[in-house]
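Please work through the following exercises with the sequence and the model open beside you.

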Amino acid sequence: MIEVQSASRTFTMGATQVHALRGVNLKIEDGEFVAIMGPSGSGKSTLMYLLGALDKPNGGSIFHGDQDVATCNSNGLADLRGRRIGFVFQMFSLMPTLSALENVELPMVFQRMPHAKRRVRAAELLELVGMADRAKHLPKELSGGEQQRVAIARALANDPDLLLADEPTGNLDSETGLQIIELLRQLNLERGMTEILVTHDEALTKHVDRTIRLLDGCVSAKGKDEGEDGEQAPIAVASSDGQEANLSSGASASSPSCSSAGGAAHA
Amino acid sequence: MLRDYLRLSMKSLRRRSLRSWLTILGIVVGVAAVVALIAIGEGMQRSVEQQFDTIGYNTIILGEAAGTVVGSTWPSAPTDLPAGGSLLEGRSPEEIEALRAKSQGGAMGGRFLEGRSPEGATQTPVVSDVMSSMEVLESLAELPTVAVTGAQRNETAMITSEGLAGIGILRLVGMTASMPNDFPLYFEGYGIAEGRAFTDEDLHVVVLGPGVAADMVVGIGDEISIQGTPFEVIGILTEPEQVSGGFTVGETKFSLFVPIPALESLFGNQGAFSLAFLEVTDGTNIDIAVQQVRDTFTQAGKPISATTASELSAEIGATLSSVNLTLSAIAGIALLVGVLGVMNTMYMSVLERTREIGIMKAVGAKDRDVLGLFLIESSLLGLIGGALGVLLGVGISGLAGRLISASLTFGTVSQVAESAGLQAAESARLVPAFSPWLILAALGLSLVLGALAGVLPAWRGAKLPPVKALRYE
C-alpha cells in the first residue's frame with residue numbers, strides 16, 4: 001500500500017516560494033490502477049515525483065509499505081526506485097545509445113544482476129510487451145508506440161510493486177495510445193501490479209479504477225472515479241488540520257478539499 | 001559490473017565520435033611528446049653510457065692543468081689553416097713559424113673537473129717538485145694498484161721531405177711505445193698498414209698518417225725532416241674508417257707519431273705530457289685511485305686534471321638529465337592542455353546527457369553509478385589517447401633518433417671529450433630507449449589524468465537531483 005500523509009512540497013524560485021503541494025493525503029491500495037489528473041500547475045507532476053521517490057517532500061510522509069520516502073537518503077531513494085518502482089515517461093526516455101534489449105537490461109545492471117540472467121529476463125519482458133522482434137533496434141529505429149512498449153518492459157525489469165506512468169500516451173496518436181493503456185491495464189490485472197497513471201487526458205480515466213484530481217496542490221474532492229463499473233474506492237483528502245477524511249463516492253463536495261489557511265498562493 | 005560500465009561508456013563515446021576523437025587527439029599529442037622526449041633523452045643517456053663502457057671504467061685520464069706546461073693539450077688548428085693540418089707550400093720559414101706558434105697558442109686548456117681540493121691523506125708515492133710530470137706518472141706506475149700507464153704529448157711541427165715542394169705544418173704526436181697496445185680502446189683506427197710500430201728502443205723514427213705519407217710522397221725506409229731533424233719512416237697507418245663508440249687519438253690521417261724522447265729532443269720541456277692514461281688493476285676503487293693521482297701530482301707541484309670515465313659519464317649524464325627534465329616539462333604542458341580538453345568534453349557530456357542521467361537515476365542508478373560511468377568514460381578517453389600517444393611517440397622518437405644520428409655529432413660528448421684532450425671518434429648512434437617502464441608509466445599516467453579530468457564533471461552529474469535532470473530539455 002502507498003500512503004501519502006500531509007505531503008507538501010515547496011520550491012524556492014529566486015525570492016518567491018512556490019507551493020506545489022500543500023498537504024496531500026491519499027492512499028493507494030495494492031493492485032489498484034489509479035489516475036492522477038489535474039491541469040498544469042496543479043502539482044500532479046510533483047506528486048508523481050514524490051510517489052516515485054525521485055524527490056522528497058518538505059513535510060509529511062510518503063510510505064511505500066513501511067518505507068517513508070521522506071526519511072530516505074539519496075541511496076535509499078535510488079534503491080526504492082530501482083527495486084520497487086518502475087517508470088514510464090512521456091517520451092524520449094530510452095537511452096539513445098542502447099538497443100531495446102539493453103534498455104530493458106539497464107535497471108537490472110544497476111541492481112547488479114548477472115549478465116546472462118538479465119539478458120534472459122529482458123528478452124522475456126520484450127516478448128511480454130510484444131517487442132521481441134525489435135530487441136536489437138535502437139530507440140531511433142522504433143516508432144513512438146514501440147518505444148513506449150520498450151519503456152514499459154524496462155519499467156517491469158526489477159519486478160516492481162508500483163508502476164508510475166507519466167503521460168505515457170502524450171506523444172502518441174489516439175489508437176496507439178489506447179494500445180499502450182490497454183497494455184498497462186492488462187499488466188495491472190494479470191500481475192496485480194499497482195499502477196499510477198499521471199495524465200491530463202480525460203479519456204483515459206475510464207480505463208482506471210479510480211481518479212485522483214489535483215487542483216492548486218491539493219487533492220480535489222471531486223476525485224472519485226466515475227467509471228462505468230461504479231465501484232467505490234475510497235479517496236483520502238486532506239483537511240486543513242491534517243485530519244483525514246474518507247470520502248465516499250457519493251460525496252458531493254466539489255470544492256478543493258484542502259482548505260488550508262492561506263490556500264491561495266502566497267507567492 | 002565494471003564490464004557493463006565499460007560497455008555503456010564505450011557506447012556513449014562512440015555516439016559522439018568526432019568530439020571523442022578530437023579530445024583523444026589532445027591527449028595523443030601530449031603523451032606522444034612526453035614519450036618521444038623521454039625516449040630520446042634515455043637513448044642519449046644510454047648512448048653516452050655505452051661510449052664510456054667501451055672506454056672502460058678502470059682508466060683514469062690525465063691532462064695537465066691549463067697553463068702549467070706549454071702545449072699541454074691538443075692544439076687546435078689556427079683558423080687560417082684547414083682543419084686537420086695541411087701541407088703549406090710556398091711560404092717562408094718565418095711565416096710558417098708564426099703560424100705554428102699561433103696554432104700552439106690556440107690550444108685548449110683542460111678545464112673539466114678542475115678546482116677540486118684534494119682531501120684526506122691517501123697513501124701516495126714519494127714525489128718532489130723537481131720531478132717532471134712523466135717521472136711522477138712513472139712513480140705512480142710502480143704502485144701495486146696501477147696496472148699500466150701511457151702518455152702522449154702533442155706539438156705542431158714543421159715537416160719537409162724530398163718529395164714535398166714546400167713545408168708542412170702538421171700535428172706531431174709523441175707517445176710511449178706501448179700506448180696503442182695498452183689502451184686499445186682509445187686507439188681504435190690506429191692500425192699499422194705498412195711497416196711497423198716503434199718500440200722503446202727507437203728514437204728518430206716516425207709513423208705517418210696515410211694522408212701525410214701520400215702528400216709527402218714517401219714510403220717505408222724513406223727519410224723526412226721534422227723541425228730540421230731527419231726521421232726514418234718505419235710505418236704508415238691505415239686509412240681511418242668510421243668506428244662506432246670509443247675515443248681515438250684524434251685525427252690520424254694527417255698526424256705523425258714519434259717516440260716521446262724523439263719529440264723531447266725537438267721541443268725540449270723534458271718529461272711533460274699532454275695526455276696520459278692510467279689503468280688501475282681490477283678491484284681497485286677508482287675513486288680513491290683518482291684522488292691519489294691528483295694528490296701525487298699536486299704534491300709534486302704539477303697540479304693536474306684527472307678524471308675517470310665514470311666521472312665524465314656522470315657529468316654528461318647530469319647535463320643530459322637537466323636538459324631532459326626541461327624538455328619533459330614542456331611536453332608536460334602539452335599533456336596538461338590535453339587533460340583540460342578531456343575535462344571540457346566531460347563537462348559538455350554531462351550537460352548534454354542530463355536527461356539521460358535523470359532516466360538512469362529513475363531506473364535505480366545511484367550517485368556512485370553515475371559517477372563511475374562518467375569517470376570510466378573520461379578514463380577511457382585518457383587511456384585511448386595514451387595508447388595512441390605511446391605509438392605516435394615511438395614513431396616520432398624513432399624518426400628523430402635517426403635524423404639526429406645522421407646529421408649531428410654528439411655535441412655534449414665531443415665537447416667534454418675534447419676538453420679532456422680526447423676526440424669523439426664520430427657521432428654516437430642515437431637509439432631512443434623505450435623501457436617497458438616508460439610505456440607502462442605513460443599509459444598509467446594518461447589513465448589517471450583522464451580519470452582526474454573527469455572527477456569534477458562526473459561529480460556534478462552524479463549529484464544532479466533526478467527531478468531536475470528529468471526536466472532538463
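In chain B, residues 24 or more positions apart account for 86% of the contacts with a separation of 6 or more, two residues being in contact if their C-beta atoms, placed from the backbone, lie within 7 Å. The model is predicted, so that local features need pLDDT of at least 70 and side-chain atom pairs count only at pLDDT 80 or more, while totals for chains, interfaces and linings use all residues. Residues are numbered from 1 along each chain as its sequence is written, and chains are lettered from A and ligands numbered from 1 in the order in which they are written.

**Exercise 1.** Determine how many helices and strands chain B has, and what percentage of its residues count as buried.

*Solution.* Begin with the secondary structure, where helices (H or I, at least four residues) and strands (E, at least two) are DSSP runs numbered from the N terminus; chain B has 14 helices and 13 strands. Then turn to burial, for which a residue is buried if 20 or more other C-beta atoms lie within 10 Å of its own, exposed if 12 or fewer, and partly exposed in between, with C-beta atoms placed from the backbone. Of the 473 residues of chain B, 46% count as buried.

**Exercise 2.** Compare the span of helix 8 of chain B with the expected one, and list its buried residues.

*Solution.* Helix 8 covers residues 286–299 of chain B, which is 14 residues, and the expected span of a helix is 1.5 Å times one less than its number of residues. From first C-alpha to last, helix 8 of chain B reaches 20 Å, close to the 20 Å expected. Its buried residues are B:Ala289, B:Val290, B:Gln292, B:Val293, B:Arg294, B:Thr296 and B:Phe297. Just after this helix, B:Gly301 takes a positive phi of about 75°.

**Exercise 3.** Decide whether B:Ile330 is buried or exposed, and locate it in the chain.

*Solution.* B:Ile330 lies in helix 9 (residues 309–352) of chain B. Because 12 other C-beta atoms lie within 10 Å, B:Ile330 is exposed.

**Exercise 4.** Describe how helix 9 and helix 13 of chain B pack.

*Solution.* Two packed helices are described by the angle between their axes and the distance between the axes; axes are lines fitted to C-alpha atoms, for helices over the stretch in contact, and angles run from 0 to 180 degrees between N-to-C directions. Helix 9 and helix 13 (residues 436–462) of chain B pack at about 25°, with their axes 8 Å apart. Helix 9 of chain B is therefore roughly parallel to helix 13 of chain B, given that angles under 35 degrees count as roughly parallel, over 145 as roughly antiparallel, 65 to 115 as roughly perpendicular and the rest as oblique. The residues of this contact divide into 11 nonpolar, 3 polar and 1 charged, where Ala, Val, Leu, Ile, Met, Phe, Trp, Tyr, Cys and Pro count as nonpolar, Asp, Glu, Lys and Arg as charged, and the others, Gly among them, as polar. Among the residues that meet are B:Val339 and B:Met343 in helix 9 of chain B, and B:Ala453 and B:Leu456 in helix 13 of chain B.

**Exercise 5.** Classify the packing of helix 3 and helix 4 of chain A by angle and by residue class.

*Solution.* Helix 3 (residues 100–110) and helix 4 (residues 115–128) of chain A pack at an angle of about 120°, with their axes 9 Å apart. These two helices of chain A are therefore oblique to each other. By class, the contact of helix 3 with helix 4 of chain A has 8 nonpolar, no polar and 4 charged residues. Including A:Val104 and A:Met108, residues of helix 3 of chain A meet residues of helix 4 of chain A, including A:Arg118 and A:Leu125.

**Exercise 6.** Find where B:Gln227 and B:Asn269 lie, and state how exposed each is.

*Solution.* B:Gln227 has a positive phi of about 50° although it is not a glycine, and its place is in the loop between strand 7 (223–226) and strand 8 (229–237) of chain B. With 16 C-beta neighbours inside 10 Å, B:Gln227 counts as partly exposed. B:Asn269, likewise not a glycine, has a positive phi of about 55° and is found in the loop between helix 7 (260–267) and strand 11 (275–280) of chain B. B:Asn269 counts as partly exposed because it has 16 C-beta neighbours inside 10 Å.
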